[in-house]
Amino acid sequence: MQIGTLRLSALPRGAAAMLAVALPLAVGVQAKAAEAQKNDKESVSGPIIVTASPLPVRLDELAAPVLRLDQIDIDESGTSTLGALLGEKPGVTQSSFAAGASRPIIRGMDNNRVRVQENGISAGGVSALSEDHGVPIDPLSATSIEVVRGPATLRYGSEAIGGVVNVLNDRIPSARPDGGYTVHGGASYDSVDQGKQAYGALNAATGNLVWHADGFRRKTSDYDTPQGEQFNTWTDTSGVAGGASVLLDNGYAGASVTHYDSEYGIPAPEDPTDPVHIDMRQTKLQVRSGLSFGGWVKGLNLSGGYGDYRHDEITLSGVTGSTFKNKEWEGRAEFLHASVGPFAGAFGVQYHHRDLSASGEGGELLAPTNSHSVAGFLFEEMPLGDTLSLQMAGRVEHVKVEGTALDTATITEYSVSRDFTPLSGSAGLVWDLDGGWVTSATFQAAQRAPKAPELFSKGPHEATETFEIGDAALNKETAYSAELSARREGRGYSFAASLFHVSFDDFIYKALTGATCDDDYASCTDTGGTGTELNQVRYAQRDATFYGFELEGKVALLRTDIATYGLTGQADYVRAKFDGGTNVPRIPPMRIGAGVYLEADRFMAKAGFLHAFKQDKLGPNETETAGYTNVSAVFRYTLPEQMTGGASVKISVIGQNLLDADIRNHVSFKKNDVLLPGRNFRLVASVDF
């Protein structure tokens with residue numbers, strides 16, 4: 001099937017800024033709708049709102065595929081990173097550079113094309129700069145996690161072309177807890193790395209104030225693989241947070257403060273006798289308010305945040321080789337307006353500022369930079385009948401990036417200031433058909449300004465054992481995409497499918513050149529490397545095309561008085577090529593999976609496999625990666641409430657990689673040296689009251 005694309009050049013002047021997607025400005029789900037969605041955790045996720053807000057929208061009108069993980073999914077995962085948590089979901093893989101550093105990769109797109117955020121505000125940190133840098137958000141802090149793909153990502157800006165990972169929590173409460181307070185907590189143990197973790201969260205109301213507090217701690221040793229212990233894969237992570245909201249007659253307003261601290265080893269070090277580990281910490285302030293009104297502006301959603309981040313890259317002997325610091329501010333305002341003729345929708349503004357600096361060896365890689373952007377966006381919906389609706393929106397940004405580049409001819413540094421004006425737009429049609437089917441077709445043109453590391457990198461990065469070279473002359477990247485999706489849910493079954501095609505003009509990428517360098521640029525010139533220590537990596541631009549699909553389904557085959565028995569299945573595929581036929585590097589292989597499940601009032605059991613095929617469609621200087629099959633199983637039992645004093649107590653046993661297979665992740669820069677964990681058994685206990 002050939003899918004057409006929408007190009008900005010074909011649109012009238014200014015029209016590109018007025019088109020967008022069905023979901024971008026979708027602004028919230030009321031509590032009852034969210035609870036209804038949670039009642040079927042094991043089913044394929046349908047369309048779900050991205051960020052909490054007081055403004056209601058119809059769930060069946062959102063033209064964007066969304067994946068959601070709820071509290072029990074997060075509790076049972078036991079993972080220390082968002083990448084590991086999401087890495088086996090359809091359309092999502094992980095970078096898996098280290099046990100403490102693994103970002104989600106969506107449809108083969110990573111780093112600066114995948115935005116990771118907390119309650120709609122950027123996570124901060126420098127995880128997109130390099131694969132060894134972790135995301136300063138731990139899965140244990142979340143009550144749910146959403147993955148948004150396709151045109152809906154335009155709501156959040158340039159860095160969300162590939163997708164959005166949104167971590168949701170109650171650190172700024174938006175409603176009074178039932179009974180005046182709620183408590184959630186738990187603990188787990190993993191056999192593969194002797195990992196232990198514990199966590200707890202409390203919400204409590206006093207008058208019109210709702211208070212929140214949470215904390216967690218996780219500690220793991222080097223994990224086991226089928227070929228022995230994987231050296232320097234330990235982690236030690238903790239976090240605390242507190243927040244409060246005042247409940248108003250027409251909404252709420254509140255704030256939260258979070259401190260995150262994580263240390264983790266970098267596997268396969270250049271010098272095994274003096275391995276490197278990262279000591280990361282962040283303090284973050286967030287504010288949020290949701291208000292509803294009775295006039296032309298029906299609602300207002302305000303959110304903002306400031307993050308102060310730092311990490312040190314430290315050797316076993318205690319020497320700090322590099323220090324990275326990042327300070328970020330972000331604010332958003334979204335207004336829901338009353339109908340104007342046939343149109344109803346919302347508009348908003350967003351501001352973002354970032355100061356990024358490095359010192360030590362990191363200062364050789366990247367001199368201090370600052371970036372800021374301001375954006376406006378608009379979303380409008382028009383019904384075209386009882387079952388068909390048209391949704392259009394647009395976004396215009398102004399981005400300024402300042403830093404220090406390297407003149408490769410004279411090997412001298414010079415200051416650079418670049419300005420960009422990305423324009424993005426899309427349109428979507430959504431059909432609400434008989435029989436529970438919802439189908440959609442969306443078309444998008446989205447632009448992304450290059451980030452500071454892509455423009456200004458110019459030196460060695462010891463933790464990744466690379467010498468990275470940016471290009472200060474990079475242009476905007478433009479993605480033209482089309483997507484068809486279909487969903488259906490009913491009693492005992494669910495189904496979701498998406499088919500996508502993305503054509504990039506000036507796709508920005510980094511790839512191994514095959515050259516080897518030492519720590520100085522003189523050993524890493526344009527004509528090749530003359531050193532022996534570090535692999536040369538360069539940023540460049542080429543036109544490229546991505547296409548593929550995702551499938552997921554669940555069906556109940558047998559129902560008895562005590563249980564339901566059924567099957568699950570999933571598949572995903574992405575193909576990415578540069579113009580001329582060369583493969584884009586580090587693209588995940590095709591995967592298929594299937595399983596069986598049993599569900600009853602107090603217990604649940606499921607088992608299945610996920611098979612990744614061999615990846616032999618290689619980019620320059622890549623090596624083939626063998627396929628693997630990951631077999632897993634879960635058993636969960638909920639204790640009778642008369643035994644627990646009315647609390648909901650769940651005991652789970654999870655088995656992962658039960659065949660103890662050699663699993664190498666093709667998209668990881670460390671895949672030739674680092675195996676993913678071997679056979680693991682996890683024991684989890686959680687409580688809610």
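On a 1 Å grid over the protein atoms alone, I take a cavity to be a set of points where a 1.4 Å probe fits but cannot get out, and lining residues have an atom within 4 Å of a point. Grid points are joined across faces, edges and corners, and a volume is the space filled by probe spheres set on the points.

I note that this is a predicted model, where local features need pLDDT of at least 70, side-chain atom pairs count only at pLDDT 80 or more, and totals for chains, interfaces and linings use all residues. Residues are numbered from 1 along each chain as its sequence is written, and side-chain values use heavy atoms, with hydrogens and water left out.

**Cavities**

I looked up the cavities of 30 Å³ or more and found 13.

Next I asked which elements supply the lining. Among those giving at least two residues each are strands E17 (320–340), E18 (343–360) and E20, and helix H5 (452–456). Helices (H or I, at least four residues) and strands (E, at least two) are DSSP runs, numbered from the N terminus.

Two strands pair if DSSP finds at least two bridges between them. I found 17 bridges joining strand E16 (residues 297–315) to E17, and the two run antiparallel. Tyr 309 has Asn 326 in E17 as its bridge partner. Their hairpin has four residues between the strands, and Gly 318 takes a positive phi near 90°.

E17 is also joined to E18 by 17 bridges, again antiparallel. Lys 327 has Asp 355 in E18 as its bridge partner. This hairpin has two residues between its strands, and Gly 341 in the turn has a positive phi of about 60°.

**Glu 397**

I then looked up Glu 397, which is found in strand E20 (residues 388–407). Is Glu 397 buried or exposed? It is buried (under 20% relative accessible area, 1.4 Å probe, protein chains only), with a value of 6%. Its contacts (heavy atoms within 4.5 Å), leaving aside neighbours within four places in sequence, include Gly 157, Ser 373 and Phe 420.

Key: Buried < 20%, exposed > 50% of the residue type's maximum accessible area, 1.4 Å probe, protein only. 1 Å grid on protein atoms, 1.4 Å probe; cavity = no way out; pocket = protein on both sides within 12 Å on 5 of 7 lines; lining within 4 Å.
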